[in-house]
Amino acid sequence: MIKYVLRRILFLVPTLLLVSFCVYAIVHAAPGDPAQLALGEGATQAAVEVKRIELGLDKPFIYQYFAWLKNVVFHFDFGSSYRSEISVAYQIRSYFPNTLKLAGLSVFFGALIGIPIGILASVKQSSWFDNFVMSIAMIGMSVPAFVLALVMILIFSVKLRWLPSSGFSTVSEMLLPITALGMQPMAICARMTRSSMLEVIRQDYIRTIRAKGQSELKVIVHHAFKNALMPILTTIGLQFGALIGGAFVTETIFLIPGLGRLLVTAVTNRDYPLVLGGVVCVATVVAITNLLIDVAYALVDPRVQAQFKNAGGGAFSWPTLIKRQGIKPK
Amino acid sequence: MADIDKKARDKTKIINIFGETNETWRRLKKNKTAVFSLFVLIILAVLGIFADFVAPYSYFEQNLHDLLQAPSRAHWLGTDQYGRDILSRLIYGTRISLSVGLIAVGLALFAGGILGSVAGFYGKRIDTLIMRFMDIMLSIPSVLLALAIVATFGTSLPNLMLATGISTVPGYARLIRASILSNKEHEYVEAARAVGAGDFEIITKHILPNCLAPILVQATFGVATAILTVAGLSFVGLGLQPPIAEWGSMLSEARGYIRDYSYMLISPAVTIALTVFCLNTLGDGLRDALDPKLRD
C-alpha cells in the first residue's frame, strides 16, 4: 500500500516536469522579444540588450528553462511580471485562494444536491421523478456557467434586486457565483450517482440483503450507496480540477479576484511569466487532486490494492482511467 | 479473379455498414429527444451554411438610426448597441461556432487517431512513450492549455480551432488506442493480413471502421465542449475579435446593457444552451443506439 502511494507520488514528478516544460516551450514560442515587452515600445536598443542579459535571454532555451525551474523548485520564484515587476509568486499566492474557494464551494454545493437527487432517481428508476430530474440534469449539463451566471444576474440582481452582481467576500455575494459554477458539477454528480447506483442495485448481494428483511433505507444508504461511492468521488475530484481551470469566465463576470481572471489579464497584457506561473500552478493542483483521489481509492477499495499486489503495480489511476476511456456519466 | 474478390468484398462491406446504420437509426428514432436534437442541429447547420441568404441583415453593418431596438417585426430579436440585427448576428455566429466545433474535433480526431492507432497497433515502447505523454497532457486542464496556446500564437480563427483541438487530443488518442487494442486480435485482422494488406490498410480500412461507435459518441460530446471553450474564450476577450459575430462575444457585449436591454442577452444565451443541449442529448442517444448493452 505504502509502495503504491509512493509510486504514485513518484509518478507526479516526471508529470510535473513535463507539464512545466511543455508550457514553458509554448510560452517561449510567443512572438516578440520579452526584453522589449518588459521595457515597452520606447526603450533604446542598448537598454533592451542589457535587459536581455538580465533576463538570461542570451542563453540557450534549455538553459533558460532549467534556470527557471531551479528558481521555481528551490525558491518558489516564478520571476516577476513584465510590466508591473510584481513577483509572480506573490500574485499567485494572493489570487489562488479565491479560485480554490470558488471551485471548492461550487463542487461541494453540486455534490450536496446532486448526490441525493441521483440516489432518489436510481431508486425510482424510470418513474416520472427520474425522467424529470434527469432531463433537468441534462439541461444543467448543457448550460455553461457563464450563460447561467448572466441570466441569474439578470433575474436576481437586476430585476429582483435580491443579490449583488459582483464580489466574493460576503455570503450573499458568493451565492450567485457558486450556484452558477456549481450547476454543471451538480448535474454531472446526479447522473454519475444514478448510473453508479443502478449498477450496484442490480447486484446479487443487494437482493440477498433485501431478502433478509433489511429496511429499504438501510439497503440503499448503507449497502448500495457505500459501494457506489468511489466513481462518484472520482467524478467530484475531476470536477474540482475542471472548475479550477474553467473558473476564469465566472471570475470575470462576478469580478472575483481569482487566478483565472489574473491569467486572462496576463494573456491580454502578454505578461508571459505570469501566464507560465499560473498555468503551471493550476496544473500542479490538478495533478495533486488526481493523486489524492487515487490514494483515497486505494485506501478504500481492497480491489485496487490487490491489483497492485498482483500486477506489480501499474500506474492504475481512476481519474486517468475515466478520462482515458472517455467514460461520461450517464 | 482478384478483381471479383475485391468487388465481392466491397459489396459485403457496404451491406454491413448499411445494415448497422439502419439498425442504429431504427433505435435512435425511438428516442424522441435525440431525434428532436438532431432536427434542431440540422436546422442550425443549414442556417449556418446558408447564412448569406437566410440572414435578413449583414452581421457587421451598423445602423445608427436603429440602436438598441427591442424585438420588432423588422428586427425579430432586436438590435445591438451599433444597430446591428441580433438575429442575423446569431445566424452568422452559428456558422462560426459549428465550424469551430467540427474542425477542432476533426483535428483532434486526426491527431488522436494517428497517435492512438500507432500506440495501440504497435504496442511496446512506442505505446508507453505516446501514452505517458498523453497522460501528462491530460493533467493540464484543456481550457488552460487552449488559453496558453491562444496567448502565444494570437487569437485568430485557425488558432482557436487548433488550440481547442490540441487540448482534446489525449482523450481521443486514449479512446482509439483502446478500441484498436480490443480489435486487433480479431480474426478478420489476420484474414486481412493473409490477403496481403499492409498495416496502414488494416488500421484504416478494417479496424477503425469497426470501432467507429465510441469515437462517434465522443466526437459528438467533443463538438459541444469545443463550442463552449471558444464561447468562453471569446467572452473574456481572448477569442474571436469584433466585428465577427460569435455567440460568446455577443454575450460579452450584451453584459454591458444587461440593466436596460436584457433582450440582447437572452437570445445568444438561449442559442448557446440549446445547441449544447442538442449535441449532448444526441450524443447520449447515439450511445444508447450504437451500444444497447450500455442502456440502463
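**Contact, helices and backbone**

The contact takes 48 residues from chain A and 41 residues from chain B, where two residues are in contact if their C-beta atoms, placed from the backbone, lie within 7 Å. On the side of chain A that touches chain B there are 33 nonpolar, 12 polar and 3 charged residues; Ala, Val, Leu, Ile, Met, Phe, Trp, Tyr, Cys and Pro count as nonpolar, Asp, Glu, Lys and Arg as charged, and the others, Gly among them, as polar. This is a predicted model, in which local features need pLDDT of at least 70 and side-chain atom pairs count only at pLDDT 80 or more, while totals for chains, interfaces and linings use all residues. Residues are numbered from 1 along each chain as its sequence is written, and chains are lettered from A and ligands numbered from 1 in the order in which they are written.

Chain B has 13 helices and 0 strands; helices (H or I, at least four residues) and strands (E, at least two) are DSSP runs, numbered from the N terminus. The C-alpha atoms of chain B fill a box of roughly 75 × 40 × 40 Å along the principal axes. Chain B has 296 residues, of which 47% count as buried. A residue is buried if 20 or more other C-beta atoms lie within 10 Å of its own, exposed if 12 or fewer, and partly exposed in between, with C-beta atoms placed from the backbone. Of the contacts in chain B between residues at least 6 apart in sequence, 68% join residues at least 24 apart.

One pair of helices joins the two chains. Two packed helices are described by the angle between their axes and the distance between the axes. Helix H6 (residues 128-142) of chain A and helix H13 (residues 263-290) of chain B pack at about 120°, and their axes are 8 Å apart. Here axes are lines fitted to C-alpha atoms, for helices over the stretch in contact, and angles run from 0 to 180 degrees between N-to-C directions. H6(A) and H13(B) are therefore oblique to each other; angles under 35 degrees count as roughly parallel, over 145 as roughly antiparallel, 65 to 115 as roughly perpendicular and the rest as oblique. From H6(A), Met138(A), Ile139(A), Met141(A) and Ser142(A) meet Ala273(B), Val276(B), Phe277(B), Asn280(B) and Thr281(B) of H13(B). The residues of this contact comprise 6 nonpolar, 3 polar and no charged.

In chain B, 7 of the 9 residues of H12 (residues 247-255) are buried, so H12(B) is largely enclosed by the rest of the structure. Trp247(B), Met250(B) and Leu251(B) are among the buried residues. The buried residues of H12(B) pack against helix H7 (145-159) of chain A, together with helix H4 (86-122), helix H11 (212-235) and H13 of chain B.

In chain A, 8 of the 10 residues of H12 (residues 259-268) are buried, so H12(A) is largely enclosed by the rest of the structure. The buried residues include Arg261(A), Leu263(A) and Val267(A). They pack against helix H5 (88-123), helix H11 (248-253) and helix H13 (272-300) of chain A, together with helix H6 (142-153) of chain B.

Which residues have the most contacts inside the largest nonpolar core? That core has 157 residues, and the residues in question are Ala149(A), Leu150(A), Val275(A), Leu147(B) and Ala148(B). A nonpolar core is a set of buried Ala, Val, Leu, Ile, Met, Phe, Trp, Tyr and Cys residues joined through C-beta atoms within 7 Å. Leu147(B) touches Leu263(A), Val267(A) and Leu238(B), leaving aside residues up to four places away in sequence.

The last topic is phi. Most residues other than glycine have a negative phi, and most peptide bonds are trans. Arg161(A) has a positive phi near 55° and is found in the loop between H7 and helix H8 (171-201) of chain A. With 9 C-beta neighbours inside 10 Å, Arg161(A) counts as exposed. Leu255(A), also not a glycine, has a positive phi of about 50°. Leu255(A) sits in the loop between H11 and H12 of chain A and counts as partly exposed, with 14 C-beta neighbours inside 10 Å. After H12(A) comes Arg270(A), whose phi is positive, near 55°.
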